[in-house]
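Subject: Structure handover

Hello,

Here is the structure for you to open. My notes on it follow below.

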Amino acid sequence: MDRRTFLKTAALGTMASGIAGRVAAAGQYFPVQADQSLFATINRAKNPAKMSPLEQKHVPIITAPKSVAAGASFTVEVTVGEVLHPMGPTHWIEHISLNIGNEPAGQLTLQPRGFLAPKATFTVTIPKEAAPAGKVTLLVHERCNLHGYWEGSVDIAVV
Ligand SMILES: [Fe+2]
């Protein structure tokens, strides 16, 4: 092997191993295994009575009274996942938001540092005019950095 061929081979080998190392490092911090189809739509439990493992970790579980008095405060608790979703640097819940019917009520933003569990508690008051039919839907959305948007909902009576 002449000097020129040796230098070319060594340079290409170094570049290739450098690129492979960077791809491996990027894969550690920004996993590429995310299923992009989960980001194309809002995901829901197909059969709430028998959820898949993915659904068990992502469908928001909403705890709220079945009936509330108009104008009175009550608590809505949200937990992301029947099986609590992880909160690590490569896989976490980015936000949890609550809608009262079609109206956005609020949102909790979470960081991937593992300090907080993917849970939120909202104190809600629904005026009579917001529930003309005597009921309202509490709609919760959450976004996982790897598994997209997920929705859970519950209807409550407003008397
Ligand atoms: Fe996830």
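**Overall layout**

Read from the N terminus, the elements of the protein come in the order α-β-α-β-β-β-β-β-β-β-β. That makes two helices and nine strands. Please keep in mind that this is a predicted model.

Of the 159 residues in the protein, 34% are buried. The accessible surface comes to about 10000 Å². Carbon and sulfur atoms account for 58% of that surface.

**The iron site**

Which residues coordinate the iron ion? The donors are His58 (NE2), His85 (NE2), His91 (NE2), Cys144 (SG) and His147 (ND1). Their distances to the iron ion run from 2.1 to 2.3 Å. Along the sequence, the donor residues follow the spacing H-x26-H-x5-H-x52-C-x2-H.

Take His58 and His85 as a pair: they link distant parts of the chain, 27 residues apart. His58 sits in helix 2 (residues 53-58). His85 sits in the loop between strand 4 (73-80) and strand 5 (93-100). Both of these histidines are buried.

That loop between strand 4 and strand 5 also holds Thr90. Thr90 is partly exposed, because its relative accessibility is 26%. The C-alpha atom of Thr90 lies 8.1 Å from that of Asn145, although 55 residues separate the two along the chain.

**Glu142**

Look next at Glu142 in strand 8. Is Glu142 buried or exposed? Its relative accessible area is 0%, so Glu142 counts as buried. Glu142 and Thr79 are 63 residues apart along the chain, and their C-alpha atoms are separated by 10.0 Å.

**Nonpolar cores**

The largest nonpolar core has 27 residues. Val76, Ile96, Val124 and Ile126 touch the most other members. Which elements give two or more residues to this core? They are strand 4, strand 5, strand 7 (119-125), strand 8 (135-144) and strand 9 (148-158).

Ile126 is worth a click. Apart from neighbours within four places in sequence, Ile126 is in contact with Ala70, Gly71, Ala72, Phe74, Ile100, Ala131, Val136, Ile156 and Val158.

A second core is separate and has five residues, including Leu38, Ala45, Met51 and Trp150.

**Salt bridges**

How many salt bridges are there? The count comes to two.

One joins Glu151 to Arg44, with the closest N and O atoms 2.7 Å apart. Glu151 is in strand 9, and Arg44 is in the loop between strand 1 (42-43) and helix 2, so this pair ties together parts that are 107 residues apart in sequence. Glu151 is buried, because its relative accessible area is 11%. Arg44 is partly exposed, because its value is 45%.

The other joins Arg143 to Glu94, and here the closest N and O atoms are 2.4 Å apart. This pair also links distant parts of the chain: Arg143 belongs to strand 8 and Glu94 to strand 5, 49 residues apart.

**Asn99 in strand 5**

Strand 5 also contains Asn99. Asn99 counts as buried, because its relative accessibility is 14% and the cut-off is 20%. Beyond its neighbours within four places in sequence, Asn99 is in contact with Pro104, Ala105, Thr137, Leu138 and Leu139.

**A patch on the surface**

Met1, Phe6 and Leu7 form a nonpolar patch on the surface. Together they have about 370 Å² of accessible area. Met1 is in the segment before helix 1 (3-29). Met1 counts as exposed, because its relative accessible area is 75%.

Best wishes

Note on methods
Residues numbered from 1 in each chain as written. Predicted model: local features only at pLDDT ≥ 70, side-chain atom pairs only at ≥ 80, totals over all residues. Heavy atoms only, no water. Donors = N, O, S within 2.8 Å, 3.2 Å for Na, K, Ca; no water. Helix = DSSP H or I, 4+ residues; strand = E, 2+ residues; numbered from the N terminus. Buried < 20%, exposed > 50% of the residue type's maximum accessible area, 1.4 Å probe, protein only. Patch = residues over 30% accessible without salt bridge, like charges linked within 9 Å, V, L, I, M, F, W, Y side chains within 5 Å. Areas by Shrake-Rupley, 256 points an atom, 1.4 Å probe, with all protein chains shown as cover. Salt bridge = Lys/Arg side-chain N within 4 Å of Asp/Glu carboxyl O. Core = buried A, V, L, I, M, F, W, Y, C linked by side-chain atoms within 4.5 Å. Contact = heavy atoms within 4.5 Å.
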